[in-house]
Amino acid sequence: MGNQELYETGNDNRRRAVLVGARCGITGEEEFDIGMEELRGLTKACDIDPIFTVTQNLSSEDAATYIGSGKIEEIKAIIGMYDIDTAIFNNTLSPSQLGNLSKALEVEVIDRTGLILLIFAERAKTREARLQVDYAQLKYMLPRLVGLRANLSRQGGTGGSLSNKGSGEKQIELDRRKIEKEMSILRRELAEVEKTRKLQRSRRSMAGIPLVALVGYTNAGKSTLMNKLIDTCGTDAGQKVYVQDMLFATLDTTVRKLETTTGRTFLLSDTVGFINDLPTDLVNAFHSTLEEALFADLIIEVVDSSDENHAMHSEVTDRTLSQLGAGAIPRITVMNKAERLENISVPVVRCDKIYMSAKSGIGISELIALIEKKLSESLHLCTLNIPYEKSGIESQLRNSSQVISVDYEEDGIVIKAYLGSEDYGRFSEYME
Ligand SMILES: Nc1nc2c(ncn2[C@@H]2O[C@H](COP(=O)(O)OP(=O)(O)OP(=O)(O)O)[C@@H](O)[C@H]2O)c(=O)[nH]1
Ligand SMILES: [Mg+2]
């Protein structure tokens, strides 16, 4: 059983791919279709033209080649007919399946994990992201050296495969031991970078400025919203982030300081988006980047409300946040791109959910009001009266809270400040 679909004739200069998906056992039909559509998006994000798609229903996967021998012949015919140079599988292939398929199909074979790694390798810019991607690539390559080498020799060392791109180009010639050595060096460097990130984080929390983290499915509009918020209340003009209609436009974490018209300051972070079936190795590799959400005082979940699969996207976001241990952090849900919805005239605020349009800026002031409201729920605006003999508390508060005003009165120092829960408990005896 199965079917085929021709997409487009493709661009002459780009690589041309046949996309292959096998629906095995429990996967529902709808979920499978969404997965295949996403694979197309990932392929394009990698600058490869998806020319043809082949799908198949399987009761169980073939241990040697995942799909059966009949299907292999069918795909080989398509490859010949449409001048295709790459076969991209939506399934995760075992090292031997990858090697066998590469031999049988006589084109480069990439699976979903390999494809996401290629995109990440292309986009990673900061040192931390580069180290994380390099590490994940080596880990992926290690058990697949034979299959990947077959890919490489076929291409004569040119093209844009995992096996010969960026760090991969050198690594494929190295033997297993060399790769392992490289991985241990990267692990050490990553540990250093993570230490720096932790230090930055603790400095930020010492400064008492709350952190608001943008999270959500890839392409939902997080970076667009970040830029709109920077436009509206940024303290450093001109420091915009990258926006693109493609999956995984953002891989690095950016943090900006914002100040609202009412004088509330907060830090806003934009980071890598989530996707269904994000390979575990990548979640692990990007843990320190994704962890940014874990230390947030408030999470803004950005959803592309115009995407018919937005409910599934939200589920994935929820699941990923819980896995990271960030499930209980207060949250605002931004139903973005809502100008595309017919039955809603933006903006609409419903409790902690807002229907808005980050691109046009409609709803931005309502969102800022919502952020201020949620932040003040987690922070307490207090007036404290500190006796002069305890004046050390003033500098403690300046370090750990957001101080609004300080007045030196006759009977003590009167301080107005937003206190986090910890300080709120610690200094409650001085509250008026
Ligand atoms: N129609 C419409 N498009 C939007 C809106 N917000 C963002 N977009 C578009 O959606 C696409 C993705 O936007 P990004 O801001 O890059 O999305 P992201 O969530 O940062 O994506 P990744 O970094 O890839 O995870 C871009 O083409 C934006 O122009 C909106 O409110 N309405
Ligand atoms: Mg982005």
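**Close-up views of a predicted model**

**View 1. Asp277 and a negative surface patch.** Asp277 sits in the loop that links strand E8 (265-270) to helix H10 (280-285); helices (H or I, at least four residues) and strands (E, at least two) are DSSP runs, numbered from the N terminus. Welcome to a predicted model, in which local features need pLDDT of at least 70, side-chain atom pairs count only at pLDDT 80 or more, and totals for chains, interfaces and linings use all residues. Residues are numbered from 1 along each chain as its sequence is written, ligands are numbered from 1 in the order in which they are written, and side-chain values use heavy atoms, with hydrogens and water left out. Is Asp277 buried or exposed? Asp277 is exposed, with a relative accessible area of 55% (buried means under 20%, exposed over 50%, partly exposed in between, with a 1.4 Å probe and protein chains only).

**View 2. The magnesium ion (ligand 2) and its protein donors.** Donors are N, O and S atoms within 2.8 Å of the metal (3.2 Å for Na, K and Ca); water is not among the atoms, so sites may look incomplete. Ser223 belongs to helix H9 (residues 222-233) and Thr250 to the loop between H9 and strand E7 (254-259), so the pair ties together parts 27 residues apart in sequence. Ser223 is buried at 9% relative accessibility, and Thr250 is buried at 14%.

**View 3. Glu422 in helix H15 (residues 421-426).** Glu422 is exposed, with a relative accessible area of 66%. Its C-alpha atom is 10.0 Å from that of Leu379, 43 residues apart along the chain.

Key: Patch = residues over 30% accessible without salt bridge, like charges linked within 9 Å, V, L, I, M, F, W, Y side chains within 5 Å. Areas by Shrake-Rupley, 256 points an atom, 1.4 Å probe, with all protein chains shown as cover. Salt bridge = Lys/Arg side-chain N within 4 Å of Asp/Glu carboxyl O. Lys, Arg positive; Asp, Glu negative; His and termini not counted. Charge placed at Lys NZ, Arg CZ, Asp CG, Glu CD.
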